[in-house]
Amino acid sequence: MGIRIVIADDQAMVRAGLRMVVESDPGMEVVGEAADGREAVAVARRTRPDIVLMDISMPRLDGLAAARELLDTPSPPKVITLTTFDTDENLYAALRAGTSGFLLKVSPPEQLLEAIRVVYSGDALLDPAVTSRVIATFAGRAEPVPSPALAELTPRELEVLRLLARGLTNAEIAGDLYVGEATVKTHVARVLMKLSLRDRAQAVVFAYETGVVRPGAA
């Protein structure tokens with residue numbers, strides 16, 4: 001079976017374009033479409049997709065509210081938010097909602113397909129035009145609040161969390177720590193499990209909000 005996808009966007013032509021891109025990959029299948037956030041929730045619950053491509057700005061229920069509602073259910077799909085605006089507010093709101101990806105609608109088709117594959121594999125994806133510095137700026141607005149859960153991490157896991165929060169890939173973390181990529185994957189999985197986080201996107205927000213890393217830190 002391929003990757004099952006629901007497309008949610010209030011513009012029919014955008015949905016048609018996204019469907020064309022997705023279905024150009026033989027390993028992906030569009031199992032439903034929605035024209036607003038409320039319909040997106042209903043369609044996703046009915047079809048049980050792996051991924052929902054969710055426009056942020058939609059009538060009745062916006063994409064972020066729809067994402068929060070979906071992600072609050074047992075065995076939720078992964079959500080990739082799509083927007084025409086790469087504003088800091090949209091990015092941070094999407095991450096806080098628990099989405100696993102953030103892409104601009106102007107991104108090339110191959111980037112969308114790669115995003116779907118990355119998120120499906122359990123990782124998180126941010127548009128290359130968006131940097132971790134943007135996340136840091138907004139997560140750092142409030143005074144960091146340390147979490148007791150951090151005490152569960154080993155020194156190496158805490159180090160991995162810091163590097164992860166800077167936006168490094170597993171391969172880059174492996175190079176930085178002089179360990180194998182498989183070892184990094186294990187560390188990342190343990191960090192997420194111990195901190196009860198869904199994926200790397202949530203880990204980035206957690207790291208800044210708890211003061212593990214600070215805005216502007218190298």
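In the predicted model, tyrosine 178 is placed in the loop between helix 8 and helix 9, where helices (H or I, at least four residues) and strands (E, at least two) are DSSP runs numbered from the N terminus. The phi angle of tyrosine 178 is near 60°, a positive value in a residue other than glycine, and tyrosine 178 counts as exposed because its relative accessibility is 75%; buried denotes under 20% relative accessible area, exposed over 50%, and partly exposed the range in between, as computed with a 1.4 Å probe on protein chains only. A positive phi, near 65°, is likewise found for arginine 60, also a residue other than glycine. Arginine 60 belongs to the loop between strand 3 and helix 3 (63–71) and, with a relative accessible area of 65%, is exposed.

Residues are numbered from 1 along each chain as its sequence is written. Because the model is predicted, local features need pLDDT of at least 70 and side-chain atom pairs count only at pLDDT 80 or more, whereas totals for chains, interfaces and linings use all residues, and side-chain values rest on heavy atoms, with hydrogens and water left out.

The chain contains 10 helices and six strands, and buried residues account for 50% of its 218 residues. Of the contacts (heavy atoms within 4.5 Å) between residues at least 6 apart in sequence, 64% join residues at least 24 apart.

Strand 1 (residues 3–8) pairs with strand 2 in the parallel sense over six bridges, pairing being assigned if DSSP finds at least two bridges between two strands. Within this pair, isoleucine 7 stands opposite glutamate 33 of strand 2. Strand 2 (residues 28–34) is largely enclosed by the rest of the structure, because five of its seven residues are buried. Together with helix 1 (residues 12–22), strand 1 and strand 2 make a right-handed β-α-β unit; a crossover is right-handed if, with the strands pointing away from the viewer, the path from the first strand over the helix to the second runs clockwise.

In helix 1, the buried residues include Arg15, Leu18, Val21 and Val22. These residues lie on the same side of helix 1, because they cover an arc of only 125° around the axis, the arc being that of the directions from the helix axis to the C-beta atoms. The buried residues of helix 1 pack against strand 1, strand 2, strand 3, strand 4 and helix 5 (109–120), whereas the face turned away from the buried side carries the exposed residues Met13 and Met20. Alanine 16, also in helix 1, is partly exposed at 41% relative accessibility, and its C-alpha atom is separated by 9.5 Å from that of glutamate 33, 17 residues apart along the chain.

Aspartate 55 lies in strand 3 (residues 51–55) and counts as buried at 5% relative accessibility. An unreviewed UniProt entry places the feature "modified residue: 4-aspartylphosphate" at Asp55; UniProt positions are given in the numbering used here, feature names are shortened, and annotations may be inferred rather than shown by experiment. Leaving aside residues up to four places away in sequence, aspartate 55 touches Ala8, Asp9, Asp10, Gly63, Leu82 and Lys105.

Threonine 81, found in strand 4 (residues 78–83), is buried, with a relative accessible area of 0%. Not counting residues up to four places away in sequence, threonine 81 touches Met54, Ile56, Leu64, Ala94, Thr99, Gly101, Phe102 and Leu103. Strand 4 pairs with strand 5 in the parallel sense over four bridges, and isoleucine 80 has glycine 101 of strand 5 as its bridge partner. Both faces of strand 5 (residues 101–104) are covered, with Gly101 and Leu103 buried on one side and Phe102 and Leu104 buried on the other.

Leucine 195 touches Ala149, Leu150, Leu153, Leu161 and Phe206, not counting residues up to four places away in sequence.
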